[in-house]
Amino acid sequence: MILLDDKIHVEKDDLRRIFYIKDEDKEVPFYIQNAIVDLIFEEGGFKRKYNDLNDLELIEDKFIKKVINIIDNLYKVPSKTDYSDKYITYIWYYLPNNMYKVWQPLVDLLIVGELKNKIKVLDVGTGPATLPLGIIEFYKIIAENLKDKEFVICFHLIDSQKKFIDYANYLISKVLLPKNLKVQVNSLVANVKDDSIIKKDFKYDIISMSNFINHFEHEKDFDAFKLLKNLRDNLNDDGSLIIIEPGSEFECISFKKIRNKLVNEGIYNIFSPCIPIWEDRDKINCACFSTYIMEVKKPELIEFLLSKGLKKFKNREHVAYNYTVLRKDGLYKYRIERNKQSFFTIKEIFEHQEKEFRANIKGIVKKKSNKNLSFCICDGTMPNKDYWIKIDESALNDTKEAIKKLNMGEKISIKKLKVIKKKNNVNMILDINSKLQLFY
C-alpha cells in the first residue's frame, strides 16, 4: 500500500492481507460497544458497575423486553418510522449490524486509487454516526499500515433528530485513533427537505447515506431524486456519492429506479457495482433484485439480546444490503472490455444455435447461493433476469472455494463454460474443464 498524489493505492493482495475483506468476519470493537452501553445506561437511568459488557446483566428485564419487542417488529410496514421511543433500540441493534456496510463501497474506490488520505465527508441522515464509524475504522487500518503518512477525515453530519446527533458526537469521541489519523466533526440538526441547509459552495470527497431514501424514513412527499440531484453540486469533480439501502426486494427495486433516473438524465454515472462489461452505457433500465452479502461476527451486544429472546435474524450469519457508488467523472470500477475476442455475451449464448457447446464469458456477479453452490451473472446484454451458473461436482476444489467468496459486484471471467440448451431452458455449468478468473 502506498500514497501517491494524495491518493491511496493498494498493491498485490493488500486487500486480503490487510482488510480480510473476504476471509474474516468483521468485529465491532469493544470500545464502540462499551460506549453504546454508556448510552443505554444513561437513557435507562441505570448505574454501571464493571465498565465492561458484563454490565448488560444489570439492566432490568422489563427494559430489555421492550427493546426486543421493538426490534422484532420494526420496519415491517414500509412507512415513515417514528424514532422518538426507538433511539436506544437503534444504537443497540442496528448500529453494530450496519456500521461495516460502507466498507465494500470504500474497497471499490480503493481498488482504483480513488480514496484520498485527507477527505471531507458529508453524511446525510447520519443517525448515531453508523457510517462515519465504519469509515473511521476503515481508515484506521490504512493509517496503521502507512504510519509515516498523515490522514484526516473531516465529517459534516446531518440528521433531523437531535438525539441521534448527540449520540453520533459521543460515539465518535470514544473511538481510539492512531497518532497519524485525525477526525474532525461538524454536526447539524436539520431536515434535508430544506434545500438551503447544504450550501452549494461546500465540496466533499464523499457524500454518504445509509438506509435514508427508503419508505421507512420519509413521508410520501419526500423527493429522493431531487435531493440526490442537488447533491451533485456539493461533490468534488473526483468525488463519490455512496448510497446504501436495505437488502429487501421491494427496497432494492425502488432504489434502483431512482439510480437509473439519475444516470439516464446525465446527472451521475454508476461507478459500482452494476457496471457495463462490453460497452459504455449512458442509459440504464435494469431494476433487478440483487444483494450484497456481508459475513458478520455477531457483536456481544446482539448476542446478549438473542440470549434474552430476540428472534430477528437469530439464525442468520450475514447482513444483506444494496449499495451504489455514483460519480460525475465517468469513472468505472472496472474498465470496459474493448476487445471481445473469443467471448460470448449472455445474449449470444441464448441466441446460439448449438444445443451443447463451450463458451467463454465475462460478467458481474449479481447474487449467489452458498446452499446450492451457484451464482448469478450479468453482462448488461439481457438485464432484469437471473442467469445462474451451476457448479458441477467435478469442478476443482480451488474453484469451489473461490466461488464461496464471490459477492455482488465482482467481475469474473469463465473459459470453457459448459452450456446445455433444452427447449426454453439454458443450463450453464462450471465443471472440471472450466477455468474461473476473478478480478477483485
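Of the 440 residues in the protein chain, 57% are buried (under 20% relative accessible area; over 50% is exposed and anything in between partly exposed; 1.4 Å probe, protein chains only). The model is predicted: local features need pLDDT of at least 70, side-chain atom pairs count only at pLDDT 80 or more, and totals for chains, interfaces and linings use all residues. Residues are numbered from 1 along each chain as its sequence is written, and side-chain values use heavy atoms, without hydrogens and water.

The protein chain contains 12 helices and 18 strands (DSSP runs numbered from the N terminus: H or I, at least four residues, for helices; E, at least two, for strands). The C-alpha trace spans about 75 × 50 × 50 Å along its principal axes. Among contacts with a separation of 6 or more, 76% join residues 24 or more positions apart; a contact means heavy atoms within 4.5 Å.

The structure holds zero disulfides (pairs of cysteine sulfur atoms within 2.5 Å). The sulfur of Cys-288 has its closest cysteine sulfur in Cys-286, at 3.4 Å, too far for a bond. Cys-378 is likewise in no disulfide; the nearest cysteine sulfur, that of Cys-286, is 5.8 Å away. Cys-288 counts as buried at 10% relative accessibility. Cys-378 is also buried, with a relative accessible area of 19%.
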